[in-house]
Amino acid sequence: MSYRLTIRKIDQSCLFDLTWGQGQRLTGSLPFPSALLGLYGTWQRAYLGYYKHGLRGRVGMAGQVGAGEVDWHSQLKQAEARMLSEFHTWLKDGRLYDVRAELAMASQTAERNGTALELFIACDPIDLARLPWETWELGQQVQIVRSPPNIRATTVNRQAFRRGKARVLAILGDETELNFAGERHALNAQTRLLETHYLGWHPGEETHDFKQRVSRTIADPRGWDVLLFAGHSNESALLDGQVAIAPNTALSIKELAPALQEAQRHGLQFALFNSCSGLDIAQALISLGLSQVAIMREPIHNQVAQTFLVQLLQHLAQFVDVQEALRQASDYLKVKQELTYPSAYLVPSLFRHPDSVPYRIQPVGWRALARRWRPTAYEAMTVGALCLLSLVPSVQDWLLDQRVLAQAIYRDRTGQVATNSPAPILLVQIDPDTFTRLGIDTPRPINRALLADLITELSHRQAAVIGLDYILDLPQPDHDPALNQALSQAVEQTQTWPVLISSRNRDFSWTTPYPTVIDPDRILQGNAFIPFRHVLPREAHPDAKIPFSYQLATAWMLHQRAMRGEPNVPRPSLSGPVLETQVQAYQRDTSLGLSPWADVHPLTRISTRWGQHWLQPLIDFSIPPAQVYRTVPAWQLLEDPATALLPLSRLDNTLVMIVPGYYDAAGIGREGDDNFPQPPAIGYWRDRTGQRLLDFTGGETHAYITHHLIHNRLVIPLPDLWLVLTAAALGKALTLYLRQRSPRRMTLAACLVAATVGYGVLALQTYLAAAVLLPWLLPSLTLWLYSLPKLKESFYE
């Protein structure tokens with residue numbers, strides 16, 4: 001957040017004009033104290049008396065100091081105290097109360113938000129600018145920086161850093177009575193971060209040639225990040241200041257203006273004139289469009305200039321911006337060097353273009369890259385909280401349900417739903433009406449005579465595959481023979497593939513059909529367990545059972561190959577080798593074309609230890625049920641099969657599953673286990689067709705998984721954790737980018753909204769086109785939270 005304060009002296013009054021935000025303004029007017037300029041003159045004479053040798057300016061610019069034994073140190077300290085007392089008393093005048101109150105309130109707001117408050121001060125005439133405005137005490141958050149009263153050119157927000165080291169052009173001017181060894185030593189000590197090029201006059205070199213060389217070097221197309229001048233300089237109102245580049249040779253800023261503007265276009269960001277009386281120089285350079293210039297407002301002693309440069313470079317090397325580095329260097333002169341260099345801390349000033357961003361040396365190398373990308377405390381807390389949230393199973397389930405619901409709506413609204421694809425799966429549902437019509441009063445365990453009648457009817461229709469979603473491990477002496485006969489006839493007469501479910505017993509063994517039902521060697525069996533939202537993958541572990549849906553898909557594909565007349569395809573039979581062994585042997589030699597994602601992924605296996613399902617395929621409920629299966633009540637199949645199966649008359653190209661149909665006792669373990677809560681996406685499709693159901697059965701879930709395997713349509717969900725970390729990296733990149741720029745709050749918010757919506761559409765379409773689920777909510781929230789500090793900062797600005 002920034003404020004601009006313009007102070008103009010008109011006759012004996014000063015007008016204070018404070019502006020900020022979107023046109024807000026406060027003004028105040030108070031008399032200029034007549035004693036202040038006199039006290040400033042007294043301080044300046046004492047200052048020159050103390051530092052009378054080794055000044056980086058020509059004697060005579062502020063009056064000569066006579067010889068004699070004078071305690072200049074004591075006089076300088078007294079003059080400084082009197083000048084600052086009068087200056088601060090003036091600034092505490094009640095007629096500036098509104099201005100001070102506004103800045104104090106803004107400072108408190110900035111402190112609460114952990115941001116800085118920049119106050120740009122512009123003074124007119126230049127005599128007013130000589131006063132030490134940096135000492136005005138307005139609060140810890142207020143950073144006082146100077147700006148010229150007149151600025152003709154705009155500045156450009158440049159790239160945050162040039163690749164590699166910062167390029168520094170150090171112009172070492174007229175060395176008469178000076179010594180630049182300190183500058184060279186200070187710059188050479190930072191070779192890890194700075195690529196310094198020295199430019200100086202060579203004895204015997206023609207003055208004109210050297211001037212040309214200076215201009216050419218400044219305008220070098222390779223560009224400079226920093227321009228440093230050390231030597232003699234002086235104020236010159238008509239020439240915008242001038243610098244001595246060689247004995248008896250000076251260049252004015254007006255002469256250097258074309259070269260400096262070219263350097264600015266090539267990336268020049270910061271200039272330091274470590275020389276005397278640079279007010280004219282700074283104001284001229286900012287007016288030309290240079291973003292920031294550090295100068296000495298008064299003559300500066302050679303040793304003070306070198307000490308200041310050492311401190312400034314050391315702080316810049318710690319990657320603080322130049323504004324903070326200059327403040328800390330001045331504080332060093334005030335606190336650590338006050339006895340040796342009194343009042344020297346009052347001399348340095350930083351001028352900046354109001355639209356600029358403080359220059360900062362950027363780290364280099366991999367350590368520097370790591371340091372730049374290291375998260376702040378706020379960022380670490382944000383991403384840590386979101387990562388932990390993304391690992392909570394209940395949160396994952398809710399996010400997954402809502403994401404698939406959004407996918408179903410998107411699929412429907414964009415017309416990406418197939419309309420002519422017949423469902424290859426037929427679900428024969430044993431529902432409460434079936435029990436009522438057939439007079440069965442005990443639905444659990446299932447009446448096997450009913451199963452026998454259904455299988456007989458289906459085999460008469462030459463069903464290709466019949467899956468039984470019932471455990472048949474216990475005897476039913478009255479009905480087992482009928483069921484055995486129905487299954488045997490289906491295998492022998494129509495070569496129907498029988499596939500039954502199995503589940504683990506308490507001793508970790510697997511259930512098998514009771515021997516009087518069917519010989520287990522004549523059928524395929526599959527694990528009945530359903531993770532519900534995910535596809536149960538096949539595991540290579542010898543104790544693992546192949547999933548029921550996988551076995552159904554395998555039987556279906558083998559049947560299709562046999563129908564095409566392919567050789568050596570296993571077929572169900574009442575004799576010969578074990579059917580499961582035949583199928584496994586065939587699959588070792590010949591691929592069925594099932595997706596490799598049908599097998600458990602190593603990351604899935606590892607993540608299950610922490611309750612995660614990384615990369616485990618998803619049950620795609622965004623596909624409408626009508627595209628996956630059609631349902632027929634068991635009673636209707638028995639009473640009127642021709643009508644029930646319309647438009648089909650034969651089932652030789654149909655995979656049939658006999659499943660529970662929404663009765664309360666359905667379940668392998670406990671009653672009702674087979675009835676799951678309705679997924680939101682399924683609820684959406686049912687509302688579209690007018691169905692009024694609350695549950696979703698295990699048989700329907702198996703049908704979805706079987707459909708996905710047959711059609712090689714396994715959607716892989718990327719873990720929320722991965723996308724949160726990816727979004728955190730993008731958010732960090734965005735904050736690094738925005739650190740060097742100051743976009744308007746509405747512009748930044750609009751860009752974030754567009755990015756969020758654009759990513760959402762991309763994620764929805766990627767799901768359909770590439771069968772990959774990209775999480776949306778938590779990654780988007782991560783990016784917004786990373787951008788929140790900048791949004792708040794832009795708001796207060």
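Tutor: Pro-445 is found in the loop between H14 and helix H15 (448–460). Please bear in mind that the model is predicted.

Student: What makes the peptide bond between Arg-444 and Pro-445 a cis bond?

Tutor: The angle omega is about 0° for the bond that joins Arg-444 and Pro-445, and the bond is cis. The bond from Leu-646 to Pro-647 is also described as cis, with omega near 10°. Pro-647 has its place in the loop between helix H22 (641–644) and strand S20 (655–660).

Student: Why is Ser-488 called buried?

Tutor: Ser-488 has a relative accessible area of 16%, whereas the limit for buried is under 20%; therefore Ser-488 is buried. The residue belongs to helix H16 (residues 480–494). Beyond its neighbours within four places in sequence, Ser-488 is in contact with Ile-518 and Leu-574.

Student: Is Ala-771 buried or exposed, and why?

Tutor: Ala-771 is at 13% relative accessibility, and buried means under 20%, so Ala-771 counts as buried. Ala-771 lies in the loop between helix H26 (745–770) and strand S24 (772–773).

Student: What is noted about phi of Ala-771?

Tutor: Phi is positive, at about 55°, although Ala-771 is not a glycine. Tyr-662, likewise a residue other than glycine, has a positive phi near 65°. Tyr-662 is placed in the loop between S20 and strand S21 (675–677).

Student: How do you know that helices H13 and H23 meet?

Tutor: The axes of H13 (residues 393–413) and H23 (residues 680–689) come within 7 Å, crossing at roughly 35°. Among the residues that make the contact are Leu-405 and Ile-409 of H13, with Tyr-684 and Trp-685 of H23. The contact residues divide into eight nonpolar, one polar and five charged.

Student: Which residues have pLDDT under 50, and why is caution needed there?

Tutor: pLDDT stays under 50 over residues 58–67. Where pLDDT is low, predicted coordinates should not be read in detail. For the protein, the mean pLDDT is 91, and 95% of the residues reach 70 or more.

Technical notes:
Residues numbered from 1 in each chain as written. Predicted model: local features only at pLDDT ≥ 70, side-chain atom pairs only at ≥ 80, totals over all residues. Heavy atoms only, no water. pLDDT = per-residue confidence, 0-100. Contact = heavy atoms within 4.5 Å. Axes fitted to C-alpha atoms, helices over the stretch in contact; angles between N-to-C directions. Helix = DSSP H or I, 4+ residues; strand = E, 2+ residues; numbered from the N terminus. Nonpolar A, V, L, I, M, F, W, Y, C, P; charged D, E, K, R; others polar. Buried < 20%, exposed > 50% of the residue type's maximum accessible area, 1.4 Å probe, protein only.
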